[in-house]
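Let's take a walk through this structure together. Have the sequence and the 3D view ready.

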Amino acid sequence: MRNPARGFGAIFYKEVRHMRRDPMAILFALVLPVLQMIILGAAIDTNIRQVRTAVYDASGSATQTDTPGTASSRAFLDRLRNSDTFRVYKFVYSDAELNEEMISGRASVGIKIPIDFDRKLLRGDQGQVLVMVDGSDSNVAGQAVNVSSSLGLDESLRRMMAPGQTPSIEVRPRMMFNPDSRSPNFLLPGLMSVLLIMVTVMLTAFSIVREKERGTIEQLLVTPVRPLGLLLGKIMPYFVTGVVEFSIILILMRFAFMIPIHGNVIVLGLLTMGYLFVNLAIGILVSTKANSQSEALQFCMVVMLLSIFLSGFMFPRETMPLWAYLISHFVPATYMIKIARGVILRGAGLQELWSSGLILLGMGIVLLLAAAKRFQNMTV
Amino acid sequence: MHAIETTNLTRRFGDFVAVNKASISVEKGEVFGFLGPNGSGKTTVIKMLTGILPISEGEARIEGIDVRTNPEEVRERIGYMSQKFSLYDDLTVMENMRFYGKAYGLSGTRLTRKIDQTIEANKLAKYVDRQAGRLSGGWKQRLALGCALMHEPTVLFLDEPTAGIDPVARRQLWDLLFELSGQGITFFVTTHYMDEAERCSHLAYIYYGELIADGTPDSLRALPEVNPSGTRRFEISAPSITSALRKAREMALFRGATVFGRSIHALVDDSVSAEELDSALRGRGVQVEEIRPLIPTLEDAFVELSQRRQTQLEAAL
């Protein structure tokens, strides 16, 4: 006879009225993530290309007016340039100058070809090339080292082999699911997971805090409205907002960024609802804990940062230290990113992703019950 | 059966005792005034009685129902209007009423009928579509009261309902309370206004967690602590009131002196007559317009009770 969600209708009615009274807030919450997606999706290219490179070729009898280097050093440098990874923007004429370019940050890579490079090659010795890499950006550094070593190897092989002879093994990479290795394809499904947090966690986090600040919460507590009814009533309108936001993002992704969705959209939608639910539960839990909107905002920032850095959105989870990897299991965005990339890029379905969906649902229920419990014990 | 009854009601916050063994009983249909300085535990008592705050010790019953074991049943019977304006500023008058009605489980024609009644009883018809935040203080309070009464509670808790509203609205609100109490609704009201306290049929005074007085306004004014035997009170009007007060306080004749408006309320020995007081003051160069015998006001009573309690507390340290 006792309905544990008593008062749901009343609260839902009230929340919808609040939203209608302040449509700008909702519009803002919907538009901001979309703008962010457009900016990030168009601007960020995680493929490393055209790294600024300074070259000091000491191998020839170079003066500043001559073309520096020798035939063999120039051949090597040409291959570097053609790799698309390096962009030689400057030739320098001393070690000091090369150092200066590196320290100032103008060059991310400095290449020095020593004075005896050509001589050693002609003698049949090993010619050496110094590749200095600015390690402050580890992605760029890694790529620069890899490409330059494989170029060296390649060039060496070419010199060792007789004309017409080919290397015995050829590795032929094929990029599955993202054949052009386009960054947006990889980035946007993850970004979607992060952006959805904004309309869900933040909006709900403020909803109960606002009542605390206004002093209406006590009035609510003396009504027969039960905690679960209150929380669900508050969550529901934002759930709908979240679904709308998800649809906008998905449409934009498909038709503006031309990312093919290989899997079933319904499956994606279904699993996303689980994710929305978790975020709403987090928001409402934050809301019961925080005493002011600024406090709530700080909690939200924590959720946001965890979701960006530990979910696999920015950095692969596999390379994280153990503790971070363990934490990442408790970040809902981790599962959402798995789901989004799985369905959109790889065409995965419920068969592959049911466990992620189930984990999200479980998280949501636990958090919501925790919020209800806290609410019941709330001593104002 | 009492409308509200507590025995040894206690609330602790850690080591701090906010309310200490308060026993109150309020009859059905009474307008019960609950007074005390700020921070003395008034709101804490209300929060315990309405089930917002758990009770540390003791018992509380509303119409015979235990607040601790049956909070839900209690909630059906009580209404509450908090200190702060407790409506949603951005919702209209109508939306606020709809929401509170729904929160108490009203729906359909019952809800519509109840809303119509509330509009009529509080003369809100002109404002139904106005946002609650744009109403004046008095109208806000009427709306809040209307909302708190939507579910026809029999006990209503009002925490400083008239703080910050104008005297006319204040008078109207109290008239409304008496009308409702005539219909059998019990009111538990906190206030700092003495004229409001005078209108209550039953008063209690809480001082830093301790209930130190309980009774009708007349019985509180007549308390022996307020009227120490062998003393009497006079009201002295004087043109320059501050210097008169300063001089009076220097004189041994006065056991106590406080300014009320343009006069001094003085406590003196029983043996002192008005004429003696007059000549003594004139002897000190104080101009006196009039000296009248005085019955203590409620404020006198509360100030006296507070001071006595304070002295006891300090002596105990």
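Is the crossing of H3(A) and H6(A) left-handed or right-handed? Before we look, a word on the source: this is a predicted model, where local features need pLDDT of at least 70, side-chain atom pairs count only at pLDDT 80 or more, and totals for chains, interfaces and linings use all residues. Residues are numbered from 1 along each chain as its sequence is written, while chains are lettered from A and ligands numbered from 1 in the order in which they are written.

Now to chain A. Helices (H or I, at least four residues) and strands (E, at least two) are DSSP runs, numbered from the N terminus. Helix H3 (residues 71–82) of chain A packs with helix H6 (residues 138–160) of chain A at about 135°, and their axes are 10 Å apart. Axes here are lines fitted to C-alpha atoms, for helices over the stretch in contact, and angles run from 0 to 180 degrees between N-to-C directions. The crossing of H3(A) and H6(A) is right-handed, meaning that the near helix is turned clockwise from the far one by less than a right angle. Phe76(A), Arg79(A) and Leu80(A) from H3(A) make the contact with Ser148(A), Leu151(A) and Glu155(A) from H6(A) (C-beta atoms, placed from the backbone, within 7 Å).

Over in chain B, you'll find an open sheet of four strands in the order E2-E1-E4-E5, with antiparallel pairing (two strands pair if DSSP finds at least two bridges between them). Strands E2 (16–26) and E5 (65–66) of chain B stand at the edges with a single partner strand each, so one side of each has no neighbour in the sheet. Two bridges join E4(B) to E5(B), and Arg61(B) stands opposite Asp66(B) in E5(B).

Terms used:
Two residues are in contact if their C-beta atoms, placed from the backbone, lie within 7 Å.
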